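Notebook, opened with the coordinates loaded. I wanted the overall make-up of one chain and the surroundings of one side chain in another.

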Amino acid sequence: MILLGVILFPFLSAIVSFFLHSEKGSKAWALLSVFIEGFLVFFSAYLYSQAGYLSVEIPWIQTLGIHLHFGVRGFELWMMILSAVVPAMAVVSSSSKRANPGSYYGLLLGMQGALMGLFACANLFLFYIFWELSILPSFFLLMGWGGLRKEKTAVTYVVYSLAGSFALLAGLLYVFMSGGQVSVYGQMGVFILFFIAVAIKIPLWPFHSWQPDTYEQTDHATTMMVAGVLSKMGLLGILKVMLLFAPLGAVFSSDKVIGLAIVSILYGSSLALVQGHFKRVIAYSSLAHMGLMAASLFSGTSEGIQGSIFQMGSHALNVVGLIWIGHIIYERTGTLKLAELGGIRSRSPFLSAVFLVVILGSIGFPLTNGFVGETLMLFGLYSVHPLFAILAGLSLVLGAWYMMRLFQAVMLGKGNSNLPEFNLTWSERIGLGVIMVSIVGMGIFPQPFLDFVTPSSFKESDSSCTQ
Amino acid sequence: MTYLETIPSEWYLILSAIVFCIGLCGVLIRRNAMSVLMCIEMMLNAVMLLLVAFSGYYRDFSAQIAVFFIMIVAAAEVAVGLVIFSMMFKKTSSIDLDDWGHLKG
Amino acid sequence: MMLFGMIATLAFPLIGFFLITLLGRVLPRPVGGWLACVSVAGAFISAGTVLLTCESSATIGLFNWFEVGNVSAHFSILVDSLSLWMSVMITGVGGLIHVYALGYMKDDVRLNSFFAYFNLFVFFMLVLVLSDSFLGMFIGWEGVGLCSYLLIGFWYETHAYAIAAKKAFVMNRIGDLGFLFAILMMLFFWGTTQFSVVFIQGLGLGAGVLTAMTMGLLIGAVGKSAQIPLFTWLPDAMAGPTPVSALIHAATMVTAGVYLIARSHVLFSGAPLTSLMVVGLGVATAVFGALVALVQRDIKKVLAYSTMSQLGYMVSAAGFGAYSAALFHMTTHAFFKALLFLAAGNVIHGLHGEQDIFKMGGLRKKLPFTFVVFLIGTLAIVGCPPFSGFFSKDAILAEAFAYSRTVFVVLCVVSVMSSFYMFRLLFLTFFGNARYGEKHPHEGALVMQIPLAILAVLATVGGCLDWPQESILTPVLGVTLVVLALSGGVAYFIFGKQVDVLAKQPVSMGYRMLWNKFYVDEVYQRIIVGPFLSLSRGLNQYFEIFLGKLDVVSLRSVRWVGYPFKKMQDGNSGTYILVMTVGILCLLVGLFL
Amino acid sequence: MYSIIILTVLGIIGMLGDMLPLKRLFLPVTLLGFALAWLGYFFEFPMHTSLFSFDLISMCFGGVMLVITGISVITVYGYGSFKHGSEPPYTVLALMIFATAGGLLMVAWSHLMMLFLAIEILSIPLYVLVGSQGDRKASQEASLKYFLLGAVASCIFLFGMALYYAGTGSFLLGAVHPHSLVGSAGVLLMIAGVCFKAGVVPFHSWVPDVYEGAPTVITGWMAALVKVAAFGALTKMVGSLSYSVWGLEVMGMAVLTMTLGNVLAVQQGSLKRLLAYSGIAHAGYMLLVFLPVTETSITTVFFYGASYALGTLGVFTVIHILEQSGLSATVDALRGLFKRNKTVTLLWCLSVLSLAGIPPLPGFFAKLLVLMHVVKAHHSGLLWVTFLNFLVGVYYYFRLILYPFTGGLSEESVVLSVWQKVGVVILLILTWGAVLFPEFLLSVF
C-alpha cells in the first residue's frame, strides 16, 4: 500500500499548496511535503529490498479494463528515488521571492506525483496517462514563470510532446487491440510508434529542437525537473515498454537506433561548443549524454543496460548541480550569457570548486559518478561494435572541451568588476556540498547503487506488464 | 376502386418531389425573406401531399393525423419567422437577405 | 611493514591536500606550504624505507571498486622494484620542488591552494605509479591531467594562461580516449584490467587485436608525454609557475607515458608493428624538439623543447626494447631537468619575471651560485662524462647501436644538437654583455638554494646508480669528449663574447620555420579546430532554425488547406442553403454507388 | 411522459412568472422541477408505446440534458440578476425549459412524427433565444440564419419521413427493412435532417454564425444541449437502420466534419467562432462511433456527449464572465486572466484541456473510447486521419491555454455574481467528479 501513498501524496500536497499564498508558508509546505515524499520512497526502497517486489492493484474503470496496477522493480525504484531527490533539490534551491508561490510549488509537486506514477505503473494505460500528465505541469510552469520567449517555446514543447504521446497512444491501442501478443510484423509497427514517442522525450537528434529553448526559457526548478527526471522517462519508456512489447522490433533495428543515438551524441557535443547561453550549453550536453544512455540501452549487454541506468542517476545529479549553480549565478549577476560572465572564481572559491567537481562528474572523470556509468556504457557499445565505442568516446573529448570552455567563460578571467559581492546562503552551501559529496561518493563506491539495478530485476518484469 | 386508386402511387411521388424541388429552388433564388418563407411553406405542402396520398394507398389513416401535426408546426414556424422578419424590418427597414451577411469567416 | 609503508606513501599527500583545502583560510600563509612539504617528505621516507627493506614484490588490495556482470574493477597497490623506484623518485624530486616552491611562490596571495594542488598532483602521480590495474592507472592518469590543468592555469586572471590550461587538458583527454579504448578491449576480452591477468593472457590474443590494444596505449602515452602529434600543449604549459613546470612538465607527469610503455612491455613486445611506431615517434619527437630548441628565445621554452626531445629519447629507447635504459635515463633526466628548471626559476625570479634570454647575459657575476648549478645541469644534460647524463644517454645510444644503425646516427645528431642549444642557453644567459637594463638580479632565499644544491649533487652522482659494463666505456668516452668540446667551442664563439645578439639572428626561411615550431599549431587550428567550430556554428544557425520552423511550416500548410473552405463561409444564408442542398445531393448519389 | 409534463408546467409558470408572487423562489422551483422531471423517468421506466419509448438511452441522455440546462439556468440567473437589477429573466428561462422538454422528447420517441415534433419543440424556442439580444444586429442576423436553415432542414427531414413512409408504409423505424430505393432515400434525408442539428459538415454552415451572433449566455447551453439531443436521436435512429444504407455516407461526413472543423478552427481569431468550429470537429469524432454501430458505441456517444457538454459549458461560462466585465469575446480578452482570477482560469484550463483530450480529464477517456472503437473496426486509414485531427486540435486548444498566462491588459480582478460563482463551482466539481469516477458514467449501458 505504501506505493499508493508514494504516488498519491504529491498530488494531495500539490492541491493543498495551491491554496497557500504567503511566500514563506508555501515554501515551507513544499519543503515538508518533498521530504515526506523522500522518506516514503526510501521506506518503500527498504521494503523492496526485503520483499523483492512491491505491487498494488485497485480497479478503476472496469469497462475499459483499466485498473490502478502499480508494480515496482529495481530500476524503477531507482528512478523513483531520483524523482524524490531532484524535486527536493529544486525546492531547496528556489528562492522564495516569486509571483504566486503557492501554485508554483503546487505544480512542481504535481509533476513529481506524475513522475512517481509513471515510474511505478505496471499497466500500459496508466503508463500513457502519467506520460501525458507529466507534460501539463511543465507546460504551466513554463507559461507562468518562464522567460521572455515563453509563448513560442511553450507551443513547440507542447506540440512535440503531444505528438510523441499520440504516437505512444497509437502503439498502445494497437497492443491493446491485439491482446498483448503482437504479431511479428505488428511488432515492427509498434516499435516505430513507441520509438517516435521515446525519441521525442529523450530527446534524440532529429526530434530535439524543443529542448534548448525549453531549457533556456523555463526557470531553474522546472529545468531541473525537465532535465533531471523528465528526460529519463523516455529511457524508462525503452526499458519498460519497448523491450517488452516489441522485442523483435528492438532487436531488428537496434543498430539503426544506436546509429541515430551516436549522431545525437556528436551533434549535441559539437553544438554545445558554440552556445552563448549557460543553460543552452547544458541542454546540448544533456542531449549528448542522453544519446549515449539510449545507445547503451539498445546495446543489449547487461553491463551496458546497468551502466545506462546508473548513469541516469548520476546524470540527473550532475545536471541538477549545474542548473543550481547557474541559478545562483543568475540571481547575483542577472545574466546567464557567457559573454557577460567571468571572474566569479575570485569572488566565490567554494562555488567554483563545486562547479569544477560537477563538471568533472558530467564529463566522466574517474572517481566521479560519471566515470563508472560512461565506462560501462562504452563497454556495452564496444561489445556491439568497436567503432560505436570510439565515436561515443569522442563525446568524452568534446565534453571536456565544452565543459572547460564553460568553466573558463563563467569562472576564470578578470570578469567585469561591477559584479556584486558573491556570498552563498547557508542552504545553498549545504545543498551544493551534498551534491559534491554524493558525486564523488557515487564515483568511489558505486557498488551499492549498481546492486540496486541488477539485471535480475528484469526477469519478473514479464508477468506484470500486461493489463 | 375509388378514383383515387386508379392513379399509380409513383405519380404522387413524382409530383410531390417536383413541388418540393420548386420550393427548394425558390428558397435558394429569392432574396426577399417573405418569398423564402412562402417557398418553405410550399415544401411543407409537398410533404403533406405525399403523406395523404400514401395513407390512402396503404389504407392506414395515421399518416393523415401526421399531416395535422405538420400543419400545426408550420403555423408555429411561420409565426416565429414573421416575428424575426418584423424585428429585421424595424432595424434596417429592409428584409432583403443580402443585407444580412455580416457574420462571416 | 610493507603494507603500512605503502598505504602511508599514498595517504600522506592526500591528507596534506585535504588539510590544506579545509583549513586553508585558517592557516597563516607559510604554514600551508610547510604542511605540503612535510606530507611529501613523509611519503618519500615511507617509500624509501619500503624500497630498502623489502625485496619481494606483492599486491595490497585496498577496495573493490565495482562489479557489474563479468566486468570487475578492484583498486589495489602493486609493490615491485619499478613502482617503488618510481614512487621514490616522484616523492624525492617532488619534495625538493615543494621546498623550492616555498621560496618561489612566497608572495603569491593564493599560496595555500597552490600547495593543495601540488599535493593532489603527487597523490595522483603515486596512484598512477602504484596501482596494479590499468583502470587504477587510468584514475591517476586523468587525475594528473586535472592537476596540470589547475596548476598551468594557476594565475587564471590572464586569459592566455587559462586558454593554455584548457588546451593542455583537452589534448591530454584525447590521449586518455586512446588509453580508455585499450582498457575497454581488456575488459571485453578478460573482464578485468589487473596487470597479472592481462600480461599472462596478453600474448594469447591474435596479433591484430594486440596491435590495436597497444596502439591505444601508445596514443595514451603520446598524449601524456607530449610526443609528435599531441605535443603542442607542452610549450604553452610553460605559462604555469616555474615549480609547476619543473615538477609536472619535466620530472614526473610527462614520464608517465614512458612508464606506461615500460610497464606493459609484454604487450608491446607481442606487437612488433606498434613498437616500430613507438621508435619512429620517439626519434621524430627527439629531432623535432632539438631543432626547434635551437632558436627559441624564452628560457623556459628552450627547456620545454629539450624535455620533449629527451622524452623522445626515452620513448624510442622503450620502443626498441631498452626498457631499463629508458627508465634509468628518465631518472637522471628528472634530476638534471628539475635542476635546470629551478635554476631558470632563480634567474626569472631574480630578473622579476624576465624570461627572454636575449634580454639577459653576464649573470655570471650577479648570480654565481645559480651559474654553478646551471653549469652542472648543462654538463649533465649534454652527457659530459662524470655527470649522470653521460651514463644514461650512452646506455640508450649503446642499445640504439645494437638495434639499428640509422636510429643510432640520428640520436647522435640529436645529442650534438642538444649540447649546442644547451651551451647557447648557458652562454646567452650567463656570459656576454648584460642586456637586462637596470634590473638588480639577486640570489634566491636559502630555501630555494638547498634543493638546488641537492639536485646538483644528484645530477652529478646519479650516473652511478646503474654502472654500465666496462666494455662500452672507454671508446665512447673519447668520442663524446671531442664532440662536446667542439660544440661548446662553436657555441662560445657565437654567443659567448660581448656581442650584439640581435644582429646574430639570421632571418632566413629556415629560421622562421623553426621559430614558429614548423607552424604545427597553426596547422592544427586551420585544419581541425577551425573547420569543426565553423561547422557547428553553421549547424547551430541554420539547422536549428530549420528544425524550429517545422511546426510553423506545418501550421501554415494547415491554414493554406483550409483557406478555400473559409471563403465558402461568406455569411450569406443563400450560400449556406446551397451547401446543404449540394450535401444532400451527394448523399442521394451515394445511394446508387 | 411525466418528465415532459413537469417541464411544460414549469415553462408555463415561468412565462407567467412576473404575475405570480414567486420573485425570489423561481430558481429553486426550476431546479426542483428538473430534479422531479429526472425522477419522473423512474416511475414509468420501460414504457414502449407506438408514439414514445422511454428506455435507458432516453433516461441517460435526458439526465445529461437536465443537468446541462440546470447549470445554464443558474449562470443565466446570475447573469440576469447581475444585468437587470433584481428582476430574474423569466422569459429566457421559460424558453430554455421548453427547449429542454423538446430535447428530452428527441431521445424518447418511437414514432417518427414525434421525432419531428421534438426537433421543432427544441428549435423554435432556440430561434427566439438566439435573437433575444434585440439591440445587437449580429444576434438578429444569427436568429434569421438559424431560422431559415432550421426551417429548410426540418422540411428535408419531413420529406425524408414521407419518403420512408411511402417506401415502408409505417412510421416506426426498424419495423420494416426499406428495400425500396424510396425508403432508403427517405432514411438518408432523415439522417441529414438530424445531422443538421448536430452540426455535421454539409449542414454545418449555421454553427459558426449562430454561435458568434447569439448572446454568450445562450450559446454555451445551446451548443451542449443541441449536440447531446441530436446525437441521442441519431443513436436511436441509426441503431435500428441497416448499416449498408447509410454507412458510406456517414463515414464520408465524419471525415469531412473532423478535418474541416479542425482546419477552420486553426484560423479563427474570435473565441466563439473557434469554439464553434471545434464543436463541429467534436461532432465529427462522435460520428465515427456509428461506423458500425456496436454495443459499446452507445456508451461512447453518451460519455463523449457528456464530457463535450461539460467542457463547452465551462468554456462558454468563462467567456460570458469575461464579456460581463466589459471585454470583447476575442482571444486577447483572455490575456492575463491568471493574474486576475485564479478559479476562472482553473475552470478555463480544465475545460479546454478536457476538450483537447488530455488525460486524466474526461475528454481523454471519450477520445480513447472513440479511438478504440475505430481500431476495433479496423479502419486504419480512418485512424491516421483521426490522429492528425487530434494533433491539430491540440495545437489550437493549447494556444487558447497560452493566453491567460501571457501579459494582461487590465489588472482589476474579474467580478462574478453569487449565482455565477455557484455555477463555476458546480462545473469544477462535475469535472473533477468525472476525472475520479468515470466508472459512474461508463458502466450505465
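I began with charge on chain D of this predicted model. I found 19 positive and 16 negative side chains in chain D. The centres of the two sets lie 7 Å apart.

Next I looked up the surface of chain D. The accessible area is about 12,400 Å², and carbon and sulfur atoms hold 74% of that area. I also checked burial: 72% of the 445 residues in chain D count as buried.

I then turned to dimensions. Along the principal axes, the C-alpha atoms of chain D fill a box of roughly 65 × 55 × 40 Å. The radius of gyration of chain D is 21 Å, which agrees with a compact globule, because for 445 residues such a globule would have a value near 22 Å.

For secondary structure I noted 18 helices and two strands in chain D. I looked at contacts in chain D with a separation of 6 or more, and 78% of them join residues 24 or more positions apart.

I moved to chain C and picked C:Trp141. I located C:Trp141 in helix H5, which covers residues 134-152 of chain C. Is C:Trp141 buried or exposed? The relative accessible area is 0%, under the 20% cut-off, so C:Trp141 is buried.

I listed the contacts of C:Trp141 beyond four places in sequence; among them are C:Leu128, C:Phe179, C:Lys224 and C:Leu260. C:Asp176 is also in contact with C:Trp141, and the two side chains make a polar contact at 2.8 Å.

Last, I took a distance within chain C. C:Val582 is 441 residues from C:Trp141 in sequence, and their C-alpha atoms are 81 Å apart.

Terms used
Residues numbered from 1 in each chain as written. Chains lettered and ligands numbered in written order. Predicted model: local features only at pLDDT ≥ 70, side-chain atom pairs only at ≥ 80, totals over all residues. Heavy atoms only, no water. Helix = DSSP H or I, 4+ residues; strand = E, 2+ residues; numbered from the N terminus. Rg over C-alpha atoms; globule rule 2.2 N^0.38 Å. Buried < 20%, exposed > 50% of the residue type's maximum accessible area, 1.4 Å probe, protein only. Contact = heavy atoms within 4.5 Å. Areas by Shrake-Rupley, 256 points an atom, 1.4 Å probe, with all protein chains shown as cover. Lys, Arg positive; Asp, Glu negative; His and termini not counted. Charge placed at Lys NZ, Arg CZ, Asp CG, Glu CD. Polar contact = N/O pair within 3.5 Å; in protein donor to acceptor, adjacent residues only side chain to side chain.
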